[in-house]
Amino acid sequence: MAKLPVATDQLIKKFGPHKAYTPQSGFYGAHEPDRLVKTHCCYCGMQCGIQLKVKDNKVTGFEPWMEFPFNEGRLCPKGVQRYLQNNHPDRLLGPIQRVEGKGFEPVSWEHAMSKTVSEIRRIQEKYGNDAFAMLSGVSITNEKSYMIGKFARVALKTANLDYNGRLCMVSAGGGNKKAFGLDRSSNSWADLAHAEVIIVAGANISETFPTLTHYIWQARDNGAKLIVVDPRVIPLARTADLHLPVRPGGDSALFGAMLKILADNDWLDHNFINNYTSGFEETIAAVKDYTLDWAEEQTGIPGEKIMEAATLWGKAKTSFLLHARGIEHHTKGVDNVLSCINLVLATGRIGKPYCGYGTITGQGNGQGGREHGHKCDQLPGNRDITNPEHRKYIAEVWGIDEKDMPGKGLTAYEQIEAIHRGEIKGLISICFNPLVSLPNNNFVREALEKLEFYICIDSFLSETARHADIVMAGSLHEEEEGTVTTAEGRVVKINEAVTPPGMARRDGEILMELAEKLGAGDKFSYASSEDIFNELRIASRGGTADYYGITYKKIVDNMGVFWPCPSPDHPGTPRLWEDRKFKTPDGKAHFNPVPYRPASEVTDKEYPVVLTTGRVVSQYLSGTSTRRIGKLVDQYPEPLLEIHPKLAFRYGIKDRDLVRVETRRGEAEFPAQVVETIREDTVFIPYHWGGKHSANQLTIGSLDPVSKIPEFKVCACRLIPMGYKALDVITKTAYQSGL
Ligand code: SF4
């Protein structure tokens with residue numbers, strides 16, 4: 001073993017070998033790893049390559065994976081700390097059952113399984129199959145996502161399956177399908193680095209997708225102009241050529257006005273529009289009244305800045321447009337996405353080198369998780385569950401009668417509403433924490449308490465899991481083999497580093513046993529994750545998300561394969577649409593008219609301030625994992641209310657004063673962070689925390705009519721200054737646990 005630096009020897013003496021850590025080298029000394037496992041970060045949709053150090057079946061540190069192509073060893077603060085979730089003292093080590101008045105008590109797997117199956121049977125016999133619903137996250141592998149879709153329809157026989165991508169990427173998916181007939185970003189990141197103009201709309205890349213920033217810096221080094229659209233001066237905006245501080249809810253007015261400027265100045269690609277698109281005339285007609293004065297009124301952005309943005313975009317030869325939740329988390333999320341796509345199509349800058357369009361997926365497998373039949377209206381290969389041909393094909397792959405396949409079910413928030421109404425009586429959830437991540441979470445809590453039986457599969461006891469009757473200890477990312485699909489559309493391989501600790505089990509094995517006990521064991525007799533992937537390949541064959549030509553070996557040999565990849569000899573498709581054959585019924589890319597409409601709740605005298613929510617760099621989604629990692633907690637220990645100095649002055653609020661925020665759904669108190677980097681009419685709160693620190697006590701449960709995504713990014717609030725400084729008396733533990 002290498003000689004240790006003196007300081008590290010002392011650390012080991014003081015804290016023991018498991019806590020002797022240095023930021024430079026991960027764990028030291030006794031932690032000389034048994035092996036390094038090449039895999040990927042478990043958090044955002046970049047899915048950066050990483051090597052995990054493994055010692056005695058524990059993940060003890062990491063090494064950069066320099067050769068992996070898209071991050072080349074770079075990691076963000078979450079990636080650097082991600083290994084600390086493994087071996088965490090809060091980790092669930094076996095099944096537990098809630099006992100009235102006593103909290104949770106350990107039970108055997110046999111009991112947990114038989115209780116769950118008997119409750120599923122009881123509820124379904126009494127109320128019908130759809131009265132037992134399923135919800136799942138997509139920070140999971142493609143294999144698990146595929147298996148969950150099949151489990152819900154074949155073993156549980158319910159229509160009511162949905163996923164937490166419903167809070168994330170569905171508006172992008174809805175827009176992509178309408179415009180292109182296929183739901184994927186159009187290019188690999190390599191094209192981004194050479195684009196002449198880049199628009200980043202509603203995407204706090206530096207905090208939520210940090211390693212992508214490298215490609216934007218490369219583009220800047222190559223002379224690109226950067227336009228950032230965001231109500232806050234997010235880190236990326238601080239170095240942008242142009243920042244457009246849009247009022248939350250004003251995005252489609254901005255993009256519509258820009259489209260009118262492109263048309264007025266004939267900054268259009270007529271050849272592309274005439275030969276490869278449809279709907280152009282109607283779309284231009286829909287923005288004919290979008291003058292700069294009107295757009296300024298709707299967006300709060302000075303008209304000359306809108307003109308400057310349109311001019312930069314219009315005159316460029318190459319360009320890239322990226323967006324994320326900032327424009328998607330709206331009751332008009334799909335409209336906002338379509339208004340972005342209209343700009344791309346008008347200038348014909350897609351399917352060519354250095355020209356593209358992309359959605360940033362916040363979740364680890366936000367892309368793959370929306371392709372394999374995990375959504376309430378979807379079958380594998382991104383097929384439609386209401387389409388008779390699609391149903392027939394998948395029923396054959398699954399070996400069931402098509403008539404036995406349930407139809408379209410309820411989306412995630414609609415399920416909660418149905419539970420609240422008493423229509424859904426039982427729930428199985430896996431890696432999903434709706435009590436933190438869904439809007440109006442007092443309503444969500446009431447719904448969870450109405451369930452007759454709730455079974456949760458997770459690695460930690462999340463806020464939502466505390467409402468379960470049975471919690472089954474499942475697996476972490478590093479405890480299962482499989483694949484995930486990055487935001488680029490690149491399928492990469494996750495390698496198992498360690499086995500689940502204690503009596504915890506792999507999620508896939510839990511589902512297989514439940515399926516067997518529900519009488520569908522013969523449909524779930526997989527010997528390995530590769531077995532599941534090979535079935536997924538067949539199920540996706542001929543669908544728009546076609547993985548048929550992708551194998552584990554091909555992924556490893558090529559460090560990822562881009563779908564669609566329809567045959568074994570196909571190299572994959574890093575850049576879509578070079579052939580101009582779009583997947584819409586008429587084979588053309590579709591312009592879509594986007595008439596402007598306001599948000600579902602606008603400010604008024606009673607609630608005069610706009611509330612918007614988002615993320616911080618050190619936390620991931622509902623924080624179930626990252627709120628347990630001390631260094632990430634230290635970085636941003638509590639949710640703060642960002643407020644502009646002028647708005648703060650109006651209310652007499654000073655930095656770190658406690659402020660009560662009230663909406664029509666609830667109220668909560670947050671320390672103020674007085675910053676000049678936010679619009680004067682808007683306040684911002686990050687949403688990663690639960691309990692009384694939850695921003696989602698305040699947000700509104702209004703949904704986009706197409707994607708059914710909730711409007712997290714706009715609601716009306718009022719501010720009550722509490723007149724004293726927030727004290728640092730609330731411990732990290734309280735914040736971590738959401739108390
Ligand atoms: Fe990469 Fe995202 Fe993980 Fe950060 S959180 S290391 S950007 S995959």
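## Around the ligand

A residue is near a molecule if one of its heavy atoms lies within 4 Å of it. In this predicted model, the residues around the ligand are C41, Y43, C44, M46, Q47, C48, L75, C76, K78, G79, P210 and T211. By class, this shell holds 8 nonpolar residues, 3 polar ones and 1 charged one.

Let us turn to the strands. Strands of a sheet pair through backbone hydrogen bonds, either parallel or antiparallel.

Strand β6 (residues 96-99) runs antiparallel to β7, and 4 bridges join them. Across this pairing, R98 stands opposite F104 in β7, while Q97 stands opposite E105. The two strands form a hairpin, with 3 residues between β6 and β7. In the turn of this hairpin you will find G101, which has a positive phi of about 80°.

## The sheet of five strands

Another open sheet has 5 strands, ordered β12-β11-β10-β14-β15, and its pairing is parallel. At its edges are β12 (242-244) and β15, each of which pairs on one side only. From one strand to the next, the twist averages 15°.

Strand β11 (residues 225-229) runs parallel to β12, with 3 bridges joining them. I227 has L242 in β12 as its bridge partner. Helix α15 (residues 333-346) packs on the sheet, where it touches β14 and β15. The direction of α15 makes about 175° with that of β14.

Strand β14 (residues 319-323) pairs with β15 in the parallel sense over 4 bridges, and H323 stands opposite T359 in β15. Strand β15 (residues 356-359) is covered on both faces. G356 and G358 lie on one side of β15, Y357 and T359 lie on the other, and all four are buried.

## Two crossing helices

The axes of helix α12 (residues 292-299) and helix α13 (residues 303-315) come within 8 Å and cross at roughly 110°. Angles of 65 to 115 degrees count as roughly perpendicular, and α12 and α13 are therefore roughly perpendicular to each other. On the α12 side of the contact are L292, A295, E296 and T299, which meet G303, I306 and M307 in α13. By class, this contact has 4 nonpolar, 2 polar and 1 charged residues.

## A closer look at A310

Helix α13 also holds A310. Is A310 buried or exposed? Buried means under 20% relative accessible area, and A310, at 0% relative accessibility, counts as buried.

What is A310 in contact with, leaving aside its neighbours within four places in sequence? The residues are M258, I261, L262 and W267.

Notes. Residues numbered from 1 in each chain as written. Predicted model: local features only at pLDDT ≥ 70, side-chain atom pairs only at ≥ 80, totals over all residues. Heavy atoms only, no water. Nonpolar A, V, L, I, M, F, W, Y, C, P; charged D, E, K, R; others polar. Pairing = 2+ DSSP bridges. Axes fitted to C-alpha atoms, helices over the stretch in contact; angles between N-to-C directions. Parallel < 35°, antiparallel > 145°, perpendicular 65-115°, else oblique. Contact = heavy atoms within 4.5 Å. Buried < 20%, exposed > 50% of the residue type's maximum accessible area, 1.4 Å probe, protein only.
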